[in-house]
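Here is a short report on one protein model. It takes cavities, a surface patch, a chain contact and salt bridges in turn.

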Amino acid sequence: MTRAGGTQDAQDGTGDLHQAAVSDPARPLREPVTTSGPREAHLRRKKMGRKKEEEEENPDSKYGEPAEFDPSFIGPIHKRGCTDIICCILFMAVILGYIAVGILAWLYGDPRHVLYPKNSTGWFCGIGENKNRPNLFYFDMLKCAMSVNIIASALNGFQCPTTQVCVEKCPSTFGAALYLPGMPLVEIFNQDLCVPSIDLKTTPLTVSEILDKELCPSFYVPSSPVLGRCLPVFKKLDDIPSNFSLVPGLPASVNDTISIMKNGTGDLVSGFNAKEIGVRIFEDFASAWPWILICLLIAMVVSLLFLLLLRFTAPVMVWVLIFGVLAAGAYGIWHCYWEYDNFKKLSATISDIGFTTDFNIYLEVQETWLAFLIIISVMEGILLLTLIFLRTRILIAIALIQEASKTISHMMSVLAFPLVTFVLLLVCVAYWGTTALYLATSGTPVYKVVALNSTMSSCQGVNGTKTCDPQNFNASDYPSCPSASCIFIKYNDEGLFQRNLFNLQIYNAVAFLWCANFVIAVGQCTLAGAFASYYWAFKKPDDVPTFPLCAAFMRTLRYHVGSLAFGALILTLVQIVRIVLEYIDHKTRSAQNAVARFIMCCLKCCLWCLEKFIKFLNRNAYIMIAIYGKNFCVSAKNAFMLLMRNAIRVVVLDKVTDLLLFFGKLLVVGGVGVLSFFFFSGRIPVPDSDFSSGSLNYYWMPIITVVFGSYFIAHGFFSVYNMCVDTLFLCFLEDLERNDGSLQKPYLMSKKLRQILNKSNESPKQRKRKD
């Protein structure tokens, strides 16, 4: 593709430029023409005038020299080499290490330990031989509350020191092992809650022997299954029978039993109840997911239409928003003056009131409204002066926004590219979560012999003295302690792999952040390359390369993995420091005084600002990488210098674009959110459908999902639009510095931008008059 091929479209008004090049093929289009004679002085003066004009455009020479004209430059260069190779090698090594960590975690980890409960013998409930017994029942929940410190301190771990069995259903009533002489065992105990190895009809054991060995529970209370665990129902504990005080091992007072059970297991029950709510929410998603997808599809369509309409409505929307802010300020001035005038007759002043926490009292003082009046008036004046002096730059921002809409309309495939980025990010998150889960369950379970009835003097030396196999454990090996049992304590941490689990978890988190930032960088660099190829095309859209998005994507992966990994690494390091600082703040919050909290707040604020600046710098560096193919440091420097030479334009464009995108996101999220509220709350019935809002446990969860999903969809579409605006803006600034509108160096910006800047490209007729 060359700029000498084809004619420029009517909009740009440079169609005759090509005709001049064709009529005089010996004179290249973008080569300078020498002059002599009396015209030389005139042209020199004109050149000096242009140079002066360029200096006015770029007055800050301390931010580097403006880009020079290059006749061979026609957009993103194709002859480029690999950049930042060392960082590329480092990133590949980290990826290979990340894969190795995932493989090791998969080999040593067993997530069933988290997903399924286990009985005292180490068998999982709900799978295998216990497939029909999905719930785990604890014989004595009081021991979970009363013996935590003993087990935890002695064995450096925790397992509720009571027998646990897999049951089909959790008990729904109260029960106690109270018996009279001659009463059969089947009437004293519940066979469904006893260990499977005992048969109450045929066992020769007595009641006391069964209780000492914990083969059957001495009592049970109404329970409900929460993620496979039978946990007490606190609402029914107040109705506990009075005969529970006669159960051996329980407090003499029934109220003490209730208090210990509620206080000791409250946190455990609350945690599992939170997970149960998650299960119910999952059920809501399972029944409402088609309608959630429809709402998200509506959000996608609305976002797309909004972006396409910006091409025609951007000026109206920008000025409506600007004058809306001015009108709101004017109303604020009038209202403050009105309140000030109403409180004129009151004699109370701020000094009379002094300090009070009731803010409404200050609103009844004339001086308060006078202060508000002065502040709003000053802000309104600043806004008006800014609008007057920066009106041209606001028009440039509007024109660039319209040009971005036009560019996207010629490359509709770019709107689907965020899906690629989203899928890659989803893969990163899934891999991180799976690896973290497998690492957390790595190592073989360690079981040790524990005395369930630790009050017996003969059991004092049993706790934690020996390891055991729960599936082959025989309590008869400990005749002096009939309540001895083999219980899970912790996962083995004695191997090399297990000793470094914490370090591997840190490696997992750091590698995840680096990969996620790299994926975002690839998306930004790819889009920048596609949009830049459109801007620098001499004839739009005929001179735009075929499949510009795919070409930019292949260039990015082939040449610039190292540069993108370098930028992602810088951002990752800042994010790690922020995470560490948040962790330190969380751990030391209770010991901090006012000064420490202030310093911590300042540090977090500074790091937040640093992260935002790094993201801004990386974004523009990726644009330069996509266009010129240079390494990260050079690209970041060139982008920063170019932006600093046009600082005012950068600020105006950034704020105008942010204002429009915020308005667009608000429109999409608010509109779809209101629609989903009326639908999922039942105000909009669905004819001929089995779905109804009454079938949902929490109808607000689909609404929240739709709102957040709509925001992410709108953010995905608008991020493409924002990247287009930023890319076109940098190209526009380069266009102003490289070219001067002559026949040899014509501007490639749109005709509207040239009109705003009072720029024009020379036509062949103007050239003939000069010659």
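## The largest cavity

Strands β1 (135-138), β4 (219-220) and β6 (229-232) each give at least two residues to the lining of the largest cavity. Strands here are DSSP runs of E with at least two residues, helices are runs of H or I with at least four residues, and both are numbered from the N terminus. This is a predicted model: local features need pLDDT of at least 70, side-chain atom pairs count only at pLDDT 80 or more, and totals for chains, interfaces and linings use all residues. Residues are numbered from 1 along each chain as its sequence is written, and side-chain values use heavy atoms, with hydrogens and water left out.

The lining of the largest cavity has 11 residues. F137, Y138, M141, Y220 and V221 lie nearest the centre. By class, the lining has 10 nonpolar residues, 1 polar residue and no charged residues. Nonpolar covers Ala, Val, Leu, Ile, Met, Phe, Trp, Tyr, Cys and Pro; charged covers Asp, Glu, Lys and Arg; the others, Gly among them, are polar.

The volume of the largest cavity is about 70 Å³. The structure holds 7 cavities of 30 Å³ or more. A cavity is a set of points, on a 1 Å grid over the protein atoms alone, where a 1.4 Å probe fits but cannot get out; lining residues have an atom within 4 Å of a point. Points are joined across faces, edges and corners, and a volume is the space filled by probe spheres set on the points.

## A nonpolar patch and a chain contact

Which residues make the nonpolar surface patch of about 750 Å²? They are L96, I99, I103, L104, W106, L107 and Y108. Patch residues have over 30% relative accessible area and no salt bridge, and nonpolar side chains (Val, Leu, Ile, Met, Phe, Trp, Tyr) are joined within 5 Å. I103 sits in helix α3 (residues 85-108). I103 is partly exposed because its relative accessible area is 47%. Buried means under 20%, exposed over 50%, and partly exposed in between (1.4 Å probe, protein chains only).

N119 lies in the loop between α4 (112-115) and β1. Its relative accessibility is 13%, so N119 counts as buried. The C-alpha atoms of N119 and Q164 are 5.0 Å apart, with the two residues 45 apart along the chain.

## Salt bridges

The structure holds 8 salt bridges. Each is a side-chain nitrogen of Lys or Arg within 4 Å of a carboxyl oxygen of Asp or Glu. Three of them are tabulated here.

| Pair | Closest N and O atoms |
|---|---|
| R578 and E611 | 2.4 Å |
| K604 and E582 | 4.0 Å |
| D726 and R619 | 2.7 Å |

R578 forms a salt bridge with E611. This pair links distant parts of the chain: R578 is in helix α19 (residues 561-588) and E611 in helix α20 (residues 594-628), 33 residues apart. R578 is partly exposed at 25% relative accessibility, whereas E611 is buried at 8%.

K604 forms a salt bridge with E582. K604 lies in helix α20 and E582 in helix α19, so the pair ties together parts 22 residues apart in sequence. K604 is partly exposed, at 24%. E582 is partly exposed, at 38%.

D726 forms a salt bridge with R619. D726 is in helix α23 (residues 700-738) and R619 in helix α20, 107 residues apart, so-called distant parts of the chain. D726 is buried at 18%, and R619 is buried at 16%. Salt bridges that share partners also join E582, D585, R589 and K604 into one network.

Key: Patch = residues over 30% accessible without salt bridge, like charges linked within 9 Å, V, L, I, M, F, W, Y side chains within 5 Å. Areas by Shrake-Rupley, 256 points an atom, 1.4 Å probe, with all protein chains shown as cover. 1 Å grid on protein atoms, 1.4 Å probe; cavity = no way out; pocket = protein on both sides within 12 Å on 5 of 7 lines; lining within 4 Å.
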